[in-house]
Amino acid sequence: MSLIKWIDFQTLGDERGSLVSIEQGKVVPFEIKRVYYIYRTAEGVSRGYHAHRNLQQVAICLVGKCRMVLDDGVTREDVWLDCATKGILIEGGMWREMHDFSEQCVLLVLASAPYDEADYIRNYEEFLAITRQSRIATSLQC
Ligand code: TYD
């Protein structure tokens with residue numbers, strides 16, 4: 001099963017242009033507690049390189065493009081974010097990296113909780129160990 005889960009936002013466009021509205025309790029599968037955006041990323045810079053223990057996020061590239069890598073500790077996939085009407089759902093326990101930001105890229109992120117450094121796993125080896133442990137725990141339940 002693919003790690004890439006898209007959320008499609010309806011475009012409310014008319015002859016003046018396009019508009020997307022994101023309302024609590026509609027297509028985003030969590031309560032939105034925080035919104036942040038990444039922009040003016042310097043050329044050649046990659047970001048992310050972390051997972052979250054619990055945080056859920058939806059990332060939407062409003063302008064330009066960037067390449068998102070998702071990794072669940074077993075599978076690694078990458079995808080271009082380049083569409084203002086499509087968000088990528090990033091659930092807890094998912095390592096993410098963002099690469100190849102275009103000059104004008106604006107990446108909007110909706111998050112299920114306020115910022116909490118304790119929820120971050122910033123070390124890839126630690127992330128692999130945690131995901132390995134949780135796979136063992138899940139397999140023992142069956
Ligand atoms: P970080 O999450 O490491 O950025 P990225 O994963 O995109 O490379 O965040 C960069 C810095 O900003 C770090 O010091 C934490 C801080 N920060 C906040 O204070 N609040 C936030 O909501 C976010 C996302 C980051």
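Student: What does the UniProt annotation say about residues 4-131?
Tutor: The unreviewed UniProt entry gives residues 4-131 as "domain: Sugar 3,4-ketoisomerase QdtA cupin". UniProt positions are given here in the numbering used for this chain, feature names are shortened, and annotations may be inferred rather than shown by experiment.

Student: What should I know about the model itself?
Tutor: Residues are numbered from 1 along each chain as its sequence is written, and this is a predicted model. Local features need pLDDT of at least 70, side-chain atom pairs count only at pLDDT 80 or more, totals for chains, interfaces and linings use all residues, and side-chain values use heavy atoms, with hydrogens and water left out.

Student: How much helix and strand is there over residues 4-131?
Tutor: Over that stretch the chain is 6% helix and 41% strand. Its end C-alpha atoms are 18 Å apart. Helices (H or I, at least four residues) and strands (E, at least two) are DSSP runs, numbered from the N terminus.

Student: Now the ligand. Which residues surround the ligand?
Tutor: The shell is Arg 34, Tyr 36, Ile 38, Arg 47, Gly 48, His 50, Tyr 115, Tyr 120 and Arg 122. A residue counts here if one of its heavy atoms lies within 4 Å of the molecule.

Student: Which strands each supply at least two residues of that shell?
Tutor: Strand S2 (34-39) and S3 do.

Student: What lies 3.0 Å from an oxygen atom of the ligand?
Tutor: A polar backbone atom of Gly 48 does. So does a polar side-chain atom of Arg 122. For Arg 47, a polar side-chain atom lies 3.1 Å from a ligand oxygen.

Student: How much of the ligand's accessible area does the protein cover?
Tutor: The ligand has 540 Å² of accessible area on its own, and the protein covers 62% of that. Areas come from the Shrake-Rupley method with a 1.4 Å probe; for residues, only the protein chains shown count as cover.

Student: Switching to charges. How many salt bridges are there?
Tutor: The count comes to 10. A salt bridge is a side-chain nitrogen of Lys or Arg within 4 Å of a carboxyl oxygen of Asp or Glu.

Student: Which residue does Glu 126 pair with?
Tutor: Glu 126 forms a salt bridge with Arg 53, with the closest N and O atoms 3.5 Å apart. The pair links distant parts of the chain, 73 residues apart. Glu 126 is in helix H1 (residues 124-141), and Arg 53 is in the loop between strand S3 (47-52) and strand S4 (57-63).

Student: And Asp 71, is that buried or exposed?
Tutor: Asp 71 is buried, at 2% relative accessible area. Buried means under 20%, exposed over 50%, and partly exposed in between (1.4 Å probe, protein chains only). Asp 71 forms a salt bridge with Arg 76, the closest N and O atoms being 2.8 Å apart. Arg 76 is partly exposed, at 44%.

Student: Which residues are linked in a network of salt bridges?
Tutor: Arg 67, Asp 78 and Asp 100 are linked that way.

Student: Next, Glu 97. Where is Glu 97 found?
Tutor: Glu 97 is in strand S8. Glu 97 is buried, at 7% relative accessible area. A polar contact of 2.9 Å joins its side chain to that of Trp 95. A polar contact is a pair of N or O atoms within 3.5 Å; within protein, one must be able to donate a hydrogen and the other to accept it, and residues adjacent in sequence count only if both atoms are side-chain atoms.

Student: What does Glu 97 touch?
Tutor: Not counting residues up to four places away in sequence, Glu 97 touches Arg 47, Tyr 49, Arg 67, Met 68, Val 69 and Arg 76. Contact means heavy atoms within 4.5 Å. Arg 47 is also one of the residues around the ligand.

Student: What about Met 94, buried or exposed?
Tutor: Met 94 is buried, at 11%. Met 94 sits in the loop between strand S7 (86-90) and strand S8 (95-99). Beyond four places in sequence, its contacts include His 50, Asp 71 and Phe 127.
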